[in-house]
Amino acid sequence: SHDVGFERVIRTTRKTLLVMEPWNAPRPPTRVWCLYESYITLQQPDGELIVALGREQRRSMQRALQTKFSSLEAMIGRLDARKADVTVESDRENIFGAIEQLDGGFDGLNNSLRRALRVWLAQNAEELLERTDPCRPRMTAEELQAEKNEHGAWAMRMTQVMDWWPG
């Protein structure tokens, strides 16, 4: 048995934050520890993988969703724990050994994480579509302020233009 002690912490917290920056070449999918931690989280009954981007990165990704969806899908498709980096070489043996003992091994880990990242991608695409749908009801002043706080003044002004523009 490979001792990956941090696994106990992950099983206890049941949540892992995955910072996917920069969105078009995020570091976590290239790091074996990040992949392993994310997979262990997803295997918990109420485990939650929280995928995060900063405001500028999210806006950049959403713009790319409009024009470059295939590059985002390709980035997720390239995720492969077998090719992930390690900082300490002994980690490779320990973590790879632990991954091989998982149900489905490397393929199970890779497929599970790809599915989770595709859900995240779909949620971001849906959010973008909702914000740019010309048929949606106009936003209230409070909603516009929340839009400004979350996405910046530029996005808020675009929303106001979309609200004003005749359908």
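Asp80 and Arg82 pair up in a salt bridge, with their closest N and O atoms 3.5 Å apart; the term covers a side-chain nitrogen of Lys or Arg within 4 Å of a carboxyl oxygen of Asp or Glu. Salt bridges that share partners join Asp80, Arg82 and Asp107 into one network. Across the whole structure, a search finds 8 salt bridges.

Please keep in mind that this is a predicted model, where local features need pLDDT of at least 70, side-chain atom pairs count only at pLDDT 80 or more, and totals for chains, interfaces and linings use all residues. Residues are numbered from 1 along each chain as its sequence is written, and side-chain values use heavy atoms, leaving out hydrogens and water.

**The Asp80 and Arg82 pair**
- Asp80 is buried at 14% relative accessible area (buried is under 20%, exposed over 50%, partly exposed in between, with a 1.4 Å probe and protein chains only).
- Arg82 is partly exposed, at 40%.

- Arg14 forms a salt bridge with Asp46, and their closest N and O atoms are 2.9 Å apart.
- Arg14 is partly exposed, with a relative accessible area of 33%.

**A pair within helix 3**
- Arg59 and Glu56 meet through their side chains in a salt bridge of 2.0 Å, N to O.
- Both residues lie in helix 3 (residues 55–67), 3 residues apart, about one turn of the helix.
- Arg59 is buried at 11% relative accessible area, whereas Glu56 is partly exposed at 48%.

Key:
Helices (H or I, at least four residues) and strands (E, at least two) are DSSP runs, numbered from the N terminus.
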